[in-house]
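Please walk through this structure with the model open beside the text.

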Amino acid sequence: MSINTKIVDDFVANGVDFVTTVPCKQLAGVIDEIEAREEIYHIPANKEDEGMGLCAGAFMGGKRPAIIMQNTAIGVTVNTLVTLTQFYRMPLPMLISYRGELKEPVACQVEMAVHTKALLNQLLIPTYHFHHKSDADELDAILKYTFMCNKPVAILTDATFWGGYGE
Amino acid sequence: MIRSEVLRDIAPILRDQLVICNIGLPSQELHMIDDQPTNFYMLGTMGLSSSIGLGVALAQSKKVISIDGDGSVLTNFGTLPTIANNVADNFILLIIDNGSYGSTGDQPTYAGKKTSLTAVAKACGCENVVECKAEDTGKVLQAALDSNKMTIIVCKCESGNIKLPVITKDPVVIRDRFMTAVQS
Ligand SMILES: [Mg+2]
């Protein structure tokens, strides 16, 4: 089974049925898989804070939302995470491509990578880092944990996890 | 008419609907005029009223009205293409366009100058966009509800604010009673 299929299978098994995405090269496969699943309403967002608003609404409407985005989005969404998702105590699994780690070809991505975990830590967001393929075995438990505690939870997935950049 | 007068005018229509209300004075005004468990008050996060409302509308079948402002739509312009391309016929976006950032002291917005939010919404692909005078908002809103079509209403009103208290309800209480109302 491909890692994209495994990730989306875990989403579906946990009742995740509303997913908003802002693309990243590394997430292309998982976004395709989300789009292909009938169980999931896929709504691409133009910006990640907009996506978090959609997820907040979907949650209040009775869905189980998730967002898929790049780690650069942490810089975009601090206010939304704090004043919407956390303040109103809503669950939000965030599957994040962790750009700027080992094997990164674009120097500018490193500038945000060095702040990513510090920001998540400062925001008291539970954070999991997938580096080896087998780390994804915990995704099912992470999703259960997220909907148990009603918090945003970050799942950082780096280039090594995705098998590099196809170079 | 200023925004608080528009809200007072349409409160009997809003009463029976799920309402997502914009941050700041609009929420404080609606809370004072006619607090309902079907109202979700935004206490922060400028710009996301339309996104939250669309999310609620796509997730379930009851009608949802997002009350937004011109300044807030300007800050989250990306919302209009998303709305246009994810049609929810139980969703109404009511933009109360007073041409100013009301909650921060009535600084002018570009919507009060050259930029037409009505034209932008149409250009983004929204199919039912109605611009109206403040006095006609109730009539237009009721027609939108009756049409069972996703509608964007741009209500042109005067800028101006009334003095009123902040909302002290706990956010989790606001969210929980709203979710209970959604499910009832
Ligand atoms: Mg305004």
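A:Gln26 sits in the loop of chain A that runs between β1 (18–21) and α2 (28–36). The model is a predicted one. With a relative accessibility of 8%, A:Gln26 falls under the 20% limit and therefore counts as buried. Leaving aside residues up to four places away in sequence, A:Gln26 touches A:Ser97, A:Arg99, A:Thr157, A:Asp158, A:Ala159, A:Trp162, A:Gly164 and A:Tyr165.

B:Arg3 belongs to helix α1 of chain B. B:Arg3 is buried, at 5% relative accessibility. Among the residues that B:Arg3 touches, not counting those up to four places away in sequence, are B:Leu25, B:Pro26, B:Glu29 and B:Ile96. The list also includes B:Cys157, B:Glu158, B:Gly160 and B:Asn161. B:Asn98 is another of these contacts of B:Arg3, and B:Asn98 is also a ligand of the magnesium ion.

B:Asn98 and B:Ser100 are both buried.

The next topic is charged pairs. Side chains of opposite charge can pair when their charged atoms come close. Over all chains, the rule gives 11 salt bridges. One of them is formed by the side chains of B:Asp34 and B:Arg15, with 3.1 Å from N to O.

B:Lys169 is partly exposed, with a relative accessible area of 27%, and B:Asp35 is partly exposed with a relative accessible area of 27%.

B:Lys156 and B:Asp97 form a further salt bridge through their side chains, at 3.0 Å from N to O. B:Lys156 is in strand β8 and B:Asp97 in strand β4 (residues 91–97) of chain B, so the pair ties together parts that are 59 residues apart in sequence. B:Lys156 is partly exposed at 35% relative accessibility, and B:Asp97 is buried at 2%. In chain A, salt bridges that share partners join A:Asp9, A:Glu33 and A:Arg37 into one network.

How many salt bridges are there between chain B and chain A? The count is zero. Between chain B and chain A there are, however, nine residue pairs in polar contact, with both residues at pLDDT 80 or more. On the side of chain B that touches chain A, the elements giving two or more residues are β2 (39–41), α3 (49–59), α5 (79–85) and α8 (171–183). The residues of that side divide into 17 nonpolar, 10 polar and one charged. In terms of contacts, 28 residues of chain B meet 26 residues of chain A. The size of an interface is often given as the accessible area lost when the parts come together. For chain B and chain A, the buried area is about 2100 Å², and carbon and sulfur atoms give 66% of this area.

The last topic is backbone angles. Most residues other than glycine have a negative phi. B:Asp106 has a positive phi, near 60°, and is not a glycine. B:Asp106 is placed in the loop between β5 (100–101) and β6 (107–108) of chain B, and is partly exposed at 27% relative accessible area. B:Asn148, also not a glycine, has a positive phi of about 55°. The loop that holds B:Asn148 lies between α7 (137–147) and β8 of chain B. With a relative accessible area of 43%, B:Asn148 is partly exposed.

Conventions: Residues are numbered from 1 along each chain as its sequence is written. Chains are lettered from A and ligands numbered from 1 in the order in which they are written. This is a predicted model: local features need pLDDT of at least 70, side-chain atom pairs count only at pLDDT 80 or more; totals for chains, interfaces and linings use all residues. Side-chain values use heavy atoms; hydrogens and water are left out. Contact means heavy atoms within 4.5 Å. Buried area is the accessible area (1.4 Å probe) that two parts lose on being put together, summed over both. A salt bridge is a side-chain nitrogen of Lys or Arg within 4 Å of a carboxyl oxygen of Asp or Glu. A polar contact is a pair of N or O atoms within 3.5 Å; within protein, one must be able to donate a hydrogen and the other to accept it, and residues adjacent in sequence count only if both atoms are side-chain atoms. Helices (H or I, at least four residues) and strands (E, at least two) are DSSP runs, numbered from the N terminus. Ala, Val, Leu, Ile, Met, Phe, Trp, Tyr, Cys and Pro count as nonpolar, Asp, Glu, Lys and Arg as charged, and the others, Gly among them, as polar. Buried means under 20% relative accessible area, exposed over 50%, partly exposed in between (1.4 Å probe, protein chains only). Donors are N, O and S atoms within 2.8 Å of the metal (3.2 Å for Na, K and Ca); water is not among the atoms, so sites may look incomplete.
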